[in-house]
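Below is a short note for a colleague who has not seen this structure before. The points are numbered and can be read alongside the sequence and the model.

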Amino acid sequence: MDKKPLLEVKGLKTYFHTDDGIVKAVDGVSFEVYSGETLGIVGESGCGKSVTSLSVMRLLDEKGEIAGGEILFDGKDIRALSDEEMRKMRGNDMAMIFQEPMTALNPVYTIGDQITEAILLHQDVDKETARKMAIDMLRKVGIPEPEKRVDEYPHELSGGMRQRAMIAMSLSCNPKLLFADEPTTALDVTIQAQILELMLELQKEYGMAIVMITHDLGVIAEMAERVVVMYAGKVVEYADVVTLFKDPKHPYTWGLMNAIPRLDEDKDVLYNIPGVVPDPLDFPKGCRFNTRCPLATDKCRTEEPPLVEIEPGHKAACWHIDRLVEMVKVSRAGEGA
Amino acid sequence: MAKRKSDFRKMMKKFWRNQTAVLGVVLLIMFVIIAIFAPQIVKTFSPKAAARAYAEDPYQMPRVAWTSNPLPPSKDDPFGVIGGRDIFYGVIYGTRTAFKLGLTVAGLSALIGIFVGSISAYFGGWVDEIFMRIVDIFMSIPFLVAAMVLTTILGKGLNNVMIALVVFGWMTTARLIRGNILQAREEQYVLAAKALGQKDWLIIIKHILPNTIFPVVIQMSMRMGSYVITAAGLSFLGVGAEPGYADWGTILSYSRNWMTMLDKAWFAIVFPGVAMVLFVLAWNLVGDALRDIFDPRMRS
């Protein structure tokens, strides 16, 4: 991994100023994305994974503010760009697809109009050409009869078709980086698989990097090459996907994996991580996971563990990695795996 | 181009299948024709009244009799006479008055409402706070009472009625557009448009306004009728148009003295009353039809 990363996020801090106080939604997050790869960001609702992507695209609302850190895209410091320069980057260099294809498309325009709008915005072509490009794009994302569909309104399409249209829209200007914010969560399982497959195909064809934001480790296993595990606004583990699943080094990651139902086991009750996500206005002292961690000691309650590189390309933030490794070994031995 | 046409055709096809919408449009077209050809219509059906019309102000109902007793419909006065005025003339010219009043009041109050509402929603903060409190103050005064007081202060006359109705009629539009913009601003398609790098003002024009303006247009059409009724109410109460002005409410106000003897003055209530009911009905049906046409979510 000597090549230069496409996107480099260093110590990103995003705070929201609310009436109740400052919410540190993202608190010192660092990761890199290389051209053409897929980085997964996984974590529970409210852990700051969506806010991270919105920060990189500078799409936070008035209450949100990037309070610290560096965001380098292609070597350019995104925080230093003017609003106009940033606007030109959006859609062109980086694009985003959303969780709810139902609401992310404007109901009063046909999908063709919306894709054409994106093309006209960044490319110097006339309307007729843009329309042809939109139809091509719809064909590429696997929408049948694109010549007809291009004139349909979002409400005339099914959920899966809408998400395909959304993907067509975000890829219409061939961005180098695509944020996919829970792109399959609102879809049913068979459609989920189709959409993920489509994204992988398009990635091969266009060579863009994808940042896949999800709470679903299954999606991560299928899509991502490297994974960032986030908890309460912090990165708790950062590894390539094989290492992460084989050799988790943070109790939270291990808990997430245990919570996945397995086909070869006949359990009545699924495992879940005890407790709830801590209140973002009042994070616990020390390690933020200490209230829910089976391994927590006094040290975890007072001192925050740093994100350290355990082996090349594998980072984790935990005081008790040794004990976790032991626990994982025992647990896996018990399963006979 | 071809696609636009087919879209339009689809809409039209759906529109014509909606019988109530067609009824509304037919009624409205009828009223428009009556308003445009008012002089010719009066000349044809009530030539005596037309001959006596005041050349300098055709909106004054001509005196055709010098008795204060109502005269039933006759060949010369198809809708009868009340207060010495020809009712037919009043109903026909009253259509013009109704359009003038409805369009002016609905249009002006919608403009003020859109202006105040969008500024409120766009700037937010203390601007929003101030504008919305002004709206609250205006809304806390009962509409009819406020309009009555203002026309009393300004003096009689149709223009003053219109001023009063606009002054106390813009608030609902302001609230409607503000609420809609606030809601639309949070929609994910607005964020999606931003994520594609769309310009801010184009987001407002292309994405926020189309999703917010139609309720206002529909509301305008619906309220067109109700303004006419309110104005008629003011005229009936004696604080509206001047006596003798060709206005449906004014004709009704003449019948006030005959309320206990309706068998003698029924025509002074029925004819302007029917005109008013149909006018309001027409605008309401058209408003409904507009909603169906404008809202693609309603097209199936």
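1. A:Glu182 has a relative accessibility of 6% and therefore counts as buried, where buried means under 20% relative accessible area, exposed over 50% and partly exposed in between, with a 1.4 Å probe and protein chains only. Its side chain meets that of A:Lys49 in a salt bridge, 3.5 Å from N to O; the term stands for a side-chain nitrogen of Lys or Arg within 4 Å of a carboxyl oxygen of Asp or Glu. The pair links distant parts of the chain, 133 residues apart: A:Glu182 lies in the loop between strand S7 (177–181) and helix H8 (189–206) of chain A, and A:Lys49 in helix H1 (residues 49–56) of chain A. A:Lys49 is buried as well, at 4% relative accessible area.

2. This is a predicted model, in which local features need pLDDT of at least 70 and side-chain atom pairs count only at pLDDT 80 or more, while totals for chains, interfaces and linings use all residues; side-chain values use heavy atoms, with hydrogens and water left out. Residues are numbered from 1 along each chain as its sequence is written, and chains are lettered from A and ligands numbered from 1 in the order in which they are written.

3. Over all chains, the structure holds 25 salt bridges. One of them joins the side chains of A:Arg58 and A:Asp83 at 2.9 Å, N to O. This pair also links distant parts of the chain, with A:Arg58 in the loop between H1 and strand S4 (64–73) of chain A and A:Asp83 in helix H2 (residues 83–89) of chain A, 25 residues apart. A:Asp83 is exposed, with a relative accessible area of 61%.

4. The side chains of A:Arg149 and A:Glu152 meet in a salt bridge of 3.4 Å, N to O. A:Glu152 counts as buried, at 14% relative accessibility. In chain B, salt bridges that share partners join B:Glu129, B:Arg133, B:Asp136 and B:Arg175 into one network.

5. Chain A has 13 helices and 12 strands (DSSP runs numbered from the N terminus, helices being H or I of at least four residues and strands E of at least two). Its radius of gyration, taken over C-alpha atoms, is 21 Å, close to the 20 Å that the globule rule gives for 337 residues, so chain A is as compact as a globular protein of that length. That rule is 2.2 Å times the number of residues to the power 0.38. Buried residues make up 53% of the 337 residues in chain A.
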